[in-house]
Structure formats: structure tokens, C-alpha cells
Amino acid sequence: MFATTPLRVVAVSAGLSQPSSTRLLADRLAAATRERLAAEQDTAGRDVEVRVIELRDFAVDIANHLVSGFPSAGLREAIDAVTEADGLIAVTPVFTASYSGLFKSFFDLIDHTALTGKPVVIAATGGTARHSLVLEHALRPLFAYLRAVTVPTSVYAASEDWGSSGDEYTEGLPSRTRRAGGELASAVLGRTVSGASRTPGLDDGEDAVVPFEQQLADLRLD
């Protein structure tokens, strides 16, 4: 009997402190993705491997690679883990209304075609909700340039979001985290975010399911 390749989900956290709210958000998104993948019938017989990469551990290696062009063995392994993952979670703290320099420097080291078609959840943490648009004006364009497929739901966690369940107008952080993790799991499995099959049948006609990438392309055109 042949071994089944596990599904690999990698979360990249650019948090600098320890403990870090950025790492905590990465952990929660990874857990939500793992939970959804484990619940799907298509993963029967397949393990789900989740890894969190803390960029603070590679800060010096990243700087050395930028100036020398040669990665350390540990940094090379971390880059390979990201490029070979079935699904990616990318989380950064907000610095000066954008992603952190450490976050950007790491993804500067990744070949611009290495993430082509890879499903990605983008997320960020900050002290105030006023910076939540960093997800749309900074992170989403970055991963569009890297040719990744960012899922529709992005997650921003301000200080007041931790422990909040939201209100009648706004989803709380736990709900947004579960939704983003579910969308990433569906994309990893080659499904639309609703869980329907990506590939329409011969008899689907006008009701055929629209491929996930096409849904995102349509969203960008609107």
C-alpha cells in the first residue's frame, strides 16, 4: 500500500515580540484550517501537517541573504517549506501603515513565480482598527505580484478584537478566523470557498460552479 502525501499548511509570522499577538493569530488561523481540512471527506487517509515559521528567528539570516545572495541552511529550508506548501498563511504586524520590513524582506527572497496559484490567507495585527486597510492596499497587491491566490476573507486583529465576539454589525475575530481558515481549506482541496467542486460536470449548464480563481478575478474587476 502506497503512503499518501500529507496536506501541508505553512503559516509565516512576522511578529517580533515573544509572546506575540501576530504569532497567536497565525496559530488560530492554522488551527481553523486544520480543523476544516480534517473534517472534509476528501482528506480521508491524508494527514494534515501544520508548521508555523517565525521570521524573528531568521532576521539575521534574512539580512545576510539580502546582501550576500546566499541563504543559511535554516533559511533555505524555511523558504522551501513556504514554496512547497499546499496552503499558506501570512501574518504581519502593522508598521508605519504597512507590513513590517522583516515580513517584506522575507518575501523579497522568494522567486516571484514560486507561489504561482498557491492559496494564501493574508492577516495582520495592529493597535488600532484604523490600519485594517493595510490588508487591501499592501498585502493583497504583494501576493498578487507573487501570483498567489489570496482567499476572499482577510483577517485583521486590533487590540480590542482579542476576546471580542463582535456585535450585530461586525463579525468577531473568532468568526472571521474560522471563515478564513475554511476558505483556505476549500482552496487547498481545489474547491470553491462554498465547498462545491471546482470542476463543473457535463450537465451543469448555466448553473456550473465557477472556478475559484475566476471568482477572484471577477471580484477584482468589479
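Predicted model: local features only at pLDDT ≥ 70, side-chain atom pairs only at ≥ 80, totals over all residues.
1. Pro119 stands opposite Val149 in strand S6. S6 covers residues 149–150. S5 and S6 pair in the parallel sense, over two bridges.

2. Which other strands pair with S5? Strand S7, residues 155–158, pairs with S5 in the parallel sense over four bridges. Here Ala123 stands opposite Val155 in S7. Strand S3, residues 87–95, also pairs with S5 in the parallel sense, over six bridges. Look for Ala90, which stands opposite Ile122 in S5.

3. Is S5 mostly covered or mostly open? It is mostly covered. The strand runs over residues 119–126, and eight of its eight residues are buried. In a regular strand, side chains alternate between the two faces of the sheet. Trace this along S5. Pro119, Val121, Ala123 and Thr125 point one way. Val120, Ile122, Ala124 and Gly126 point the other way. Both sets are buried.

4. Next, the aromatic rings. The structure holds five aromatic pairs. One of them joins Phe107 and Phe143. A ring pair is described by the distance of the centres and the angle of the planes. For Phe107 and Phe143 the centres are 5.1 Å apart, with 75 degrees between the planes. Planes over 60 degrees apart count as edge-to-face, so the pair of Phe107 and Phe143 is edge-to-face. Phe107 lies in helix H4 (residues 101–108) and Phe143 in helix H5 (residues 134–145), so this pair ties together parts that are 36 residues apart in sequence. Phe107 is buried, and Phe143 is buried as well. Ring pairs also link a cluster, made up of Tyr99, Phe103, Phe106, Phe107 and Phe143.

5. Now the helix packing. Two packed helices are described by the angle between their axes and the distance between the axes. Take helix H1 (residues 21–39) and helix H6 (residues 173–188). Their axes come within 8 Å and cross at roughly 50 degrees. H1 and H6 are therefore oblique to each other. The crossing is right-handed. Which residues of H1 meet H6? They are Leu25, Arg28, Leu29, Ala32, Thr33, Arg36 and Leu37. Their partners in H6 include Leu173, Thr177, Ala180, Leu184 and Val188.

6. Helix H2 (residues 59–68) and H4 have axes that come within 10 Å and cross at roughly 50 degrees. H2 and H4 are therefore oblique to each other. Their crossing is left-handed. From H2, the residues Ala59, Ile62 and Leu66 take part in the contact. From H4, they are Leu102, Ser105 and Phe106. Note Phe106: it meets H2, and it belongs to the ring cluster.

7. Last, Leu16. Where is it? Leu16 sits in the loop between strand S1 (7–13) and H1. Its relative accessible area is 44%. Buried means under 20% and exposed means over 50%, so Leu16 counts as partly exposed. Leu16 touches Arg56, Phe95 and Leu102, leaving aside residues up to four places away in sequence. Leu102 is also one of the H4 residues that meet H2. Leu16 and Thr92 are 76 residues apart in sequence, but 9.5 Å apart in space, C-alpha to C-alpha.

Key. Residues numbered from 1 in each chain as written. Heavy atoms only, no water. Buried < 20%, exposed > 50% of the residue type's maximum accessible area, 1.4 Å probe, protein only. Pairing = 2+ DSSP bridges. Phe/Tyr/Trp six-rings, centres within 6.5 Å; stacked < 30°, edge-to-face > 60°. Axes fitted to C-alpha atoms, helices over the stretch in contact; angles between N-to-C directions. Parallel < 35°, antiparallel > 145°, perpendicular 65-115°, else oblique. Left-handed = near helix turned anticlockwise from the far one by under 90°. Contact = heavy atoms within 4.5 Å.
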